[in-house]
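My entries follow the display.

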Amino acid sequence: MNEQDDMFPYDENDAIKFIRNYIPQEIKDKYSDDDIVYLTDIVYDYYDKKGLFAEGQDEEVELDEEDIIGYVAKTVKKDKEVHFDEEDIRFLVLGELEYEDSLGVFGD
């Protein structure tokens, strides 16, 4: 996260800890820290494609969780190098969104 670093105090390690605490116990050991970072990077790719970090973006953003989850699931499915269970993607993405919310990334 480069230009986003200037906009809010996102910390990758804190995000990983937060997401691990958020997701159900039965999937905590299924994914590595790198897997979690991979998914959070896809979420930020989604934001970039939607122009959510565009210069002068001052209005409050309303995120469509289902659209984000769908985008992440579709992107993961195309990548033959990784495997995530579709149900798990929902929990992991929602954990990321909750972490962002705790930082006030898109407003209070």
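I began with helix α2 (residues 12–22), whose buried residues are Ala15, Ile16, Ile19 and Arg20; buried means under 20% relative accessible area and exposed over 50%, with a 1.4 Å probe and protein chains only. Helices are DSSP runs of H or I with at least four residues, numbered from the N terminus. Looking down the axis of α2, I found its buried residues within an arc of 130°, so they line one face of the helix; the arc is taken from the directions from the helix axis to the C-beta atoms. An α-helix has 3.6 residues a turn, so residues three or four places apart point the same way.

I noted that this is a predicted model, in which local features need pLDDT of at least 70, side-chain atom pairs count only at pLDDT 80 or more, and totals for chains, interfaces and linings use all residues. Residues are numbered from 1 along each chain as its sequence is written, and side-chain values use heavy atoms, with hydrogens and water left out.

On the face of α2 turned away from its buried side I found the exposed residues Lys17 and Asn21. The cover over the buried residues of α2 includes α3 (25–28), α4 and α6, where contact means heavy atoms within 4.5 Å.

Next I asked which residues line the largest cavity. They are Ile19, Ile36, Leu39, Thr40, Val43, Leu92, Val93 and Glu96, where lining residues have an atom within 4 Å of a point on a 1 Å grid over the protein atoms alone, and a cavity is a set of points where a 1.4 Å probe fits but cannot get out. I saw that α4 gives the most to this lining, with 4 residues.

Conventions
On a 1 Å grid over the protein atoms alone, a cavity is a set of points where a 1.4 Å probe fits but cannot get out, and a pocket is an open set with protein on both sides within 12 Å along at least five of seven lines; lining residues have an atom within 4 Å of a point. Helices (H or I, at least four residues) and strands (E, at least two) are DSSP runs, numbered from the N terminus.
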